[in-house]
Each structure stands twice: as structure tokens, then as C-alpha cells.
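Colleague: Before I use this model, I would like to check some of its labels against their definitions. Can we take them one by one?

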Amino acid sequence: MRTDPQKTVRLFFGPQHPGVTGNMSVELWVEGDEVTKGISRVGYLHRGFEKLMERRLWIQNFPLVCRMCVPETDVNEACYAEALELLAGIDVPVRARWLRALVLELARLGVNLMSLGGQGGTIGLGTAAQWGITYRDFVLDLLEELSGGRIYHMFILPGGVRRDIPSGFFSRVETVLETIEERLPEFDRLLFDNAVFQTRTQGIGVIRPEWVDELGLVGPMARACGFARDVRQDDAYEIYDQLAFDVVTETGGDIFARALVRRRDIALSIDLIRQIMKRTPDGPVAVQLPNLTRWRIPAGEVYAKVESSRGEYGYYVVSDGGLRPRRVHVRGPSYVHGVTLLERMLVGTNIADVSNLMVSLTICPPEIDR
Amino acid sequence: MKFTNIISPFLAWGRAAKKADTVAFPSADRPGAPRYRGFHINDLEKCIGCGRCEEICQNAALDMTPTPLTQFKEGDTGLRPRVDYGRCCWCALCVDVCSTGSLGMTNEYLWSSVDADEFIYTPGLEAKPWDDSSRGYRQAQDILGWAGGARREMPVLPPDERIKTFDEVVMGFIEEDAVAEAARCIQCGLCVSACPAHMHIPEYLLAIAERRFRDAVEIFYQNNPLPEMCGKVCTRRCEMVCALGHQGEPIAIRWLKRFATERFDSLAEVMRMWERKAPTGKQVAVIGAGPAGLTAAYYLALAGHDVEVFDADRKGGGVTRSGIPMYRLPDQSLDKQMEVFKNAGVTLRFGQTIDQSRFVSLCSDFDAVFIAVGLTGALRLRIEGEDLGGVESALDLLARVNLEDDASPVGERVVVIGGGNVAMDASRVARRLGAQVVLSYRRRVQDMPADDEEIEEAKEEGIEFRTQTIPLRIESRGSKLLYLYGNAEMIPDQKGGRPRPRLMEGTEHELEVDRVFVAVGQAPDLGFLPKEISDQLKVDWGKIVVDADQFTGVPGIFAGGDITPGRDDAISAIADGLRAVRGIRRLLEG
Ligand SMILES: Cc1cc2nc3c(=O)[nH]c(=O)nc-3n(C[C@H](O)[C@H](O)[C@H](O)COP(=O)(O)OP(=O)(O)OC[C@H]3O[C@@H](n4cnc5c(N)ncnc54)[C@H](O)[C@@H]3O)c2cc1C
Ligand code: SF4
């Protein structure tokens, strides 16, 4: 596209910008208020994880993978663990599978609270952002109690989970769920019932349904366009086939619809957590792993995937039978959402809506860069 | 858009009237969760410095460092982990894999300093406010598998089968079990310093784990020319200090050695590759073809020296052949190992007793003499009736069965006096010869010098233990013997040693037996040494005192094995042999 240098301003948006989702930037060509072209600039968070993993023992990657995505670390642990278990033929104890689902839902709850708050934040509703973060902190308190860490839980380990739950844990989870449930109407009034929020999100940032398959969109991006796609149901892992739930969908494909999907995902997670707490059976929480520094995993390759808050999230792991992975490839949804999709959607967007749009795509740059 | 949508956001002000969700730091503290992964602590006494934490840490945040507080001792490297919080990612893998459980993390997470170097410290050594904290992340018992997993079970003959035969009790690992057992090794190397011969244990365990069995055998031979014997009967000092033994079971190092050697029908075949150095023309005489003598002979021969080994017995192995019963160490196994010595060019002269005059000629004919005669005498009970017919040293019984294949019955009921390994061996041999065996020992079971495994197996085989019994005298009654003993009470030792048995006056019991076997210890006998030599030697409790190179102080004469002070077991004898090689080579090669 040719741009008129007299009319066009080239704007470097990020990486140090509160409206950008994490450490990435977009380069914008703006005419007046309107973006005519946008390019995602990623790489600020490139730590070479995939390469690094080839040089570390299988278990040494366990504390590494969670760093792939800061807000929702646990999906990485789940994928990595599942991949190793498939390769090594490890049967995970049933209780561990339930506890994993518990952690994954708690994490999803936390990240949706945060990103919903963030959605408010991008249009100047700072209160929503504060509240979202606060409610997520209640969840982090639980995860801290469970795993010993607030952000990097390192709890879902190959072969099971790292610890059983502390005594009385479920009742504390219930208390947090109740607190959040009690506060959510307040949150709704601030966001969804808010004229400003409605004006700034309805009909804006529309994803067309035909893009979903064309680009491979997943999670809330697809579900806000009416596609009932969710790995938890389509290809159930852990114990999700034993839980009763409907995949949340909305139509319209705009920012509002995506926010609503996440809002309803919050309610769904709360419901799922309650189902899990009711039904988690007793038993061991981990199998005994072999000597960790001598652990060779039989040659083979697998793809393990879970549903993250942003959609299907997968690990492709190759073993040559050695002490270390031959190759690990992480397929996060943010690459498509944050590069291909974002670049397409930026065209024609009002400059004031760029960060609004980015947050609604829940882009997680560390997962793009790896 | 509805009017309410304009009003509703303002309802958020309602929050302002409610209690805040945040904590007013520092007036209100917020402790980390009870299993929070905060700052490290380490129990320096419990820690053995195995370095497992350092190895697992993917951030190289831990560095094993010498500390002034701890010192190198057997089973402890004396090193302790030093943590660098510029690198640590708080994963606590180090805590989970700690072999002793000494390492932990507290729930403390606040620490500020302007000096960046302060964040590198040795937990437990440099005092920190959280040192005594009982909260925080600790190793969990149920995932102890991280520190090594369970030991592979060794198949053994059931006790009722065992007592009918002299077949080996231990049946040996199958390959899968051996590989899995070897793979448990964490490569800390603590065992190496505990092994008197300093065998390269982590290396050969790794070779076995990787199914490089031939490599494993070659590694054995670097400092032990009797690996199959050790693989069957070694006292396994290595396993006693194994890091995995602190919270679980040590690696079956001994059985793995046995497994690797038994993979090969001919060890001589495997070791054929090893070349001898060009002949030096120097000659060495070795007296005694036990573990000490054979070890010295093997490595001296490989170094190019002309080595002749003289032994009174008809075959090599020393007491490991004449004393250790077949069900622990079969003859064929020793024969197989002896081939290697012939291959290496060692000249073996059996049936040759060295007496005073031959000793003198050895001294003049050879450039060096290595005395490795072991313990040839047996200690006596010094009680009345000890010289009656039917009263015999346990060693004589064992030698008769082992060397002369004499399996004639020893009667219906016998008593074996003693509590060491020889007593166990004699009891179990007598049991196999069809006798009911009573074991009479002065102290308690826990005081027995015998290996726990031996005690256990003896019990399984139906040996009756009469502990805290003191022999009084032996009388003859018709064709039988009457063993008379009193009861002992244990008197605590003032100096903190083993409690001593004291005869309880007035107690006396009798036991009618066919035979009495005495196993109260062996003694050195230096009678084969001419007086002018023995006068020059330094002797302590009848044993020849030597320096670190096994040198006796008499020019050209070295000694090692049971005849020198120190532990009396095969691997110590082998270690003496190795040191003698060093000393003799220094003498001959300058
Ligand atoms: C019954 C019994 C069971 C044992 N079990 C174990 C065990 O399970 N594990 C373990 O590690 N250790 C065991 N030991 C101890 C171990 O066998 C000895 O410590 C070891 O063999 C000592 O080796 P050495 O080379 O010093 O002498 P020895 O093995 O005693 O060999 C000395 C050799 O010198 C020969 N000799 C002696 N005097 C002369 C001479 N004047 N002329 C020519 N030749 C002579 C002898 O015939 C003998 O062959 C046991 C000992 C006994 C008695
Ligand atoms: S907590 Fe993890 S990163 Fe820190 S020292 Fe231990 S192993 Fe290393």
C-alpha cells in the first residue's frame, strides 16, 4: 500500500505503553484518527525457550515452561507434563487429574478477571482494571497456598501434581468463589451496563466469522463469532469429559461480544471449580518418577493441547530417546491473534481503539516470542 | 442506550465506603503461604554435600562450596550449597531432590540490601532472620521418588530350599532390573571415597545404566582385579554412605558389580585388551594368593614386572576361597577370575608354603617381596574342655567343606560360638550339612559385628540365636558334648562404646550337642618370618605395621591385607594391594 507522506503519520505504539498488551509494539500508519496500516513488532521477549529446552534435562524444563505465559502459567505446565506422560507412557493418578483441572480453572478464572478489568482500563475505566487485578489476587492467594508461588506455580509436574491440597483448602476456595460472585454484579454495572463501555466496544473490532477458519482463530475470538470450539469438550483432556458444561458462545464478533464471552467464562469456571471440588476422589497425587538426572524418555513425538483462556494451546514435543528433548515447539494462540489477525484488524481502526482492540484479542507477547 | 447505563457506573463509588482489599504494608504484614517457596535454609548437620541440588538447578544458582564449619568425612563431601538469588527462580527443585531432606525454603520473601553480593550466601552458615522458620516449602515424603525411587528387589532362594543345597542364595538381577537399579545413581560420588579401593562407582553405574556392560567390567578392573568376588561378598562400604540411603535405600552397588561380571562367561576374554608394559626385568615375590596378594600381582605384572605368587593352598583366592561358603561365593566364580591373572602374565605357584628358610631365599632372589598371608591362626575361647574332640575352629570346618568338598554330616545338633561373619558362615554351613544350629553370642543381636543381611538370612534358615550367653566350659558326655554357658547382663560403657557383657553370677545352663565350632576371631601368625626379619618389623597386636605405601621399613619388604592393621575384609585387602603396587613401583621404577 502506498501512503501519502503528507497525510500519514507513522506511529510507534509500544513496547513501553500502558495500552499495549505486554512487551510488544505495533507500528501504525495513521491518517487523521484512522489507522491505515499496522505491523506487529514482536521479539522484545524472545528468550529462546524452545532452543534452551533442548539443552536441559526433561525435568529442568518444568520450571521453565511456565514462564512462557505470565498471566496463565499453568497451561504450559499442563501441556508439557501431558506430552512427557504420553511419550514416557506414564499413567497419572486420577486425583492428580482432578487437581490439575482445578488449577487450570483457577488460573483461567484469574486471567479472565484480569483481562476483563484490563478491557475497562484501555478505555479509561481504571476502576475496573483495579478491581479485576484485586479479584485475581484472591485467586492468586489460593494458588500460592496450593503451590508455594503466586505466579509461577510449577505445580503440574509430569506424573501428577507436586503436592496434595492443604487441609481445608476447598473451603477457602469456596469462600473466594463466593466473594467474587458477590462482587461480580458490581463489576457488571461498571462495565457491561456502562454506556461508555458499550459505545466503545459494540460494533468495534469485529471479527468476521469467515476469518475464524481462514486464520485459525481459537478461544474467545472464535466463540464470540458463534463457534462452539473448546478443547475441553472437543478433545477433552484431564477429567473435562466428566464435567457438565456448555461451551460459552456469543455472536457479533465485536469487542463487547468477546468481553461477554470472558465474563461468562468466569461464571463457567466458578461452576466447574465447584463441580471439581465436589467430585475430586482420594488417592495419590503423583507417580514416582525415575532418577531425574538420568531420565530418558523413549523416542517419539507428540502434540499435547489444552484450552487456555485464549484458546487452544499446544506443545509439540520430540524425543530422540535421550536425556533432553530433541525439540519442543509451543503453539500458542497469540501468534495468530497478535500478528496475523491484529494486523488485518488494525486497518480502519480508530487510533483510540487500538489498545482496546489489542486487549480484546488477549494477546500474550511472551507466548509469541518464547 | 438506556438512561440506567449512564447512571450505573457511578454506583462503583459504593466501594469507597467498604473495607479495602489491600494490606497496609508495613504496618500490616502479609506472611507467605505455609508452603511458600521463599528464602533457602539448610540443616548443615544433616546435609552431606552430595551436590544433587547443584546438579538439578537449571539456573546454576547453587554452587557447592567448602565451608569452615563442615569437614570432609566419610559420606560427606564437606561442601555445602551456596545460593545466588540473582539466578534462582524459586522452583524448589533443589528441595525436592535433596537426598537428605536438609534443604528447605521458608515463607520469607522480603529482603532488601544495597549490596548485591549479599544475595549470594550459604544457607545455614550465614545467619539469616528466617533460619529458624518452620514454615515454607519442604520436601514431601510422598514424592520422594524424586530423590531416587525404590531399590530393585534381588531374587533369592527361599530359605527351605537354601538349607538343602550349597547353591547360591542370591540369584542375580535380570538385565532390566540391573539397568533400572543403576539408573537410580545420582552420580554424587560419595561412595568413591568410602570404598577402600576407591573404585570408580559412578562411572560403572552409568555404564550399566546405559547397557555398556563391557565398559563397566573394564572400569572395575582399573582398580579391582576381583570384581566378581566383590560383587558377591563385598562388605560394601559404598552402600553405607550412598546418598540415597539417607531417606530411602542405597543403590545395590555390590549386586550391580556382580551383574556386570556375570554377563561374561570369561572375564579373561574381556580383559585381553589390556596390554602389559614392556618387561622391566625386575622380579617381585608375593606371598599369599588372597585378595591383597593377587591385586598387587596383577597391577605389578601389567606394569611389566615379573611377578611370582606363592600360596600354600592349591588354588587362588585365599580366605575368600577357603572361608567364604559356596552359597555366597562359588568356586567356579573364583576360577573364572583367576584366568585373568594368568592372562596378565602373573606366575602362580600353588602348594608352596613359605617358611623361614624360603623367605630368606625370596629376599635374595627377588627385588621386592610382598607379604599378604592373611590371618592364619584362630583365636581360642580359653575355657575348660576346649581341646576335647569335637570342638573345632569354625575356620577349619569352612576350609574342609570349601577346599576338600567334604560334606559329611556334623551331627544332629551343634553350637557355634561367636557373632561375626565367620560365625554366621559356619552356622549356615552346619545347617546345610543337616544339623540343628544354636548360635551362642555374648552380647545382643544389635551388637553383632556380622552383616545385618547375614544375620537375617541365618535366622530365616532356622539358626537359633542365644544371645547374652557366656561360654563357661565344655564337657564330654558319652558320644556327645555338653556346652555350659551362663547369662550375661549388659553393662553400659563409660566411654560411650559398645556395652559390655558381664556374667550374671550363678547362672549356668547346659546344652547337649554333637559338635562345638568356635568362631571368636582370627589371629596373625608371623612364624614364617626369620627372626632377623621379624626383629626389624614393627608389630602391633601381632600385625605388621606399614606406611601409606604398605612398606614395612625393611628394605624391599612390603605387606598388606589382613596381616596388616586395619579392616579385615576383601576390599580393604585389595586396597592394600593397590597401595603396595604404588610403593613397589616407586622402589623398582624410581
Ligand atoms: C569365613 C570368612 C568369611 C569372610 N567373608 C567375607 C565377606 O563376606 N566379605 C569380605 O569382604 N571379607 C570376608 N572375609 C574376610 C576376607 O576374606 C579377608 O579379609 C581377605 O581374604 C584377606 O585377604 P588377604 O589377601 O589379606 O589374605 P587371605 O585371603 O587370608 O589370603 C592369604 C593367603 O595366604 C596364604 N598363606 C598364608 N601363609 C602362607 C605361607 N606361609 N606360605 C604360603 N602361603 C601362605 C594362605 O593360604 C591364603 O591363601 C571373610 C573371612 C572369613 C574367614
Ligand atoms: S529453587 Fe530452583 S532455581 Fe533456586 S536454587 Fe533451587 S533449584 Fe535452583
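**Labels and their cut-offs**

Modeller: B:D405 lies in the loop of chain B between helix 17 (394-404) and strand 12 (413-417). Helices (H or I, at least four residues) and strands (E, at least two) are DSSP runs, numbered from the N terminus. The model is predicted, so local features need pLDDT of at least 70 and side-chain atom pairs pLDDT 80 or more, while totals for chains, interfaces and linings use all residues. Residues are numbered from 1 along each chain as its sequence is written, chains are lettered from A and ligands numbered from 1 in the order in which they are written, and side-chain values use heavy atoms, without hydrogens and water.

Colleague: Why is B:D405 called exposed?

Modeller: Its relative accessible area is 59%. Exposed means over 50%, buried under 20% and partly exposed in between (1.4 Å probe, protein chains only). B:D405 is therefore exposed.

Colleague: What makes the phi of B:D405 worth a note?

Modeller: The phi of B:D405 is near 50°, a positive value in a residue other than glycine. Most residues other than glycine have a negative phi. B:W90 is another such case, with phi near 60°. B:W90 sits in the loop between strand 3 (79-84) and helix 3 (93-97) of chain B.

Colleague: Is B:W90 buried, exposed or partly exposed?

Modeller: B:W90 has 26% relative accessibility, so it counts as partly exposed.

Colleague: How do you know that B:L329 is buried?

Modeller: Its relative accessibility is 2%, so B:L329 counts as buried. B:L329 is in the loop between helix 14 (319-322) and helix 15 (331-343) of chain B. Setting aside residues up to four places away in sequence, B:L329 touches B:M229, B:K232, B:V233, B:T320, B:I324 and B:L334, where contact means heavy atoms within 4.5 Å.

Colleague: What makes B:R254 buried?

Modeller: A relative accessible area of 6% makes B:R254 buried. B:R254 belongs to helix 11 of chain B, and its contacts beyond four places in sequence include B:C230, B:E239 and B:E453.

Colleague: Which residues of helix 8 and helix 11 of chain B meet?

Modeller: B:F213, B:A216, B:V217 and B:F220 of helix 8 of chain B meet B:K257, B:F259, B:A260 and B:T261 of helix 11 of chain B. The axes of these two helices of chain B come within 9 Å and cross at roughly 115°.

Colleague: How do you know that the span of helix 21 of chain B agrees with expectation?

Modeller: The expected span is 1.5 Å times one less than the number of residues. For the 20 residues of helix 21 (residues 570-589) of chain B that should be 28 Å, and the end C-alpha atoms are 28 Å apart, which agrees. Just after helix 21 of chain B, B:G590 takes a positive phi of about 75°.

Technical notes: Axes are lines fitted to C-alpha atoms, for helices over the stretch in contact, and angles run from 0 to 180 degrees between N-to-C directions.
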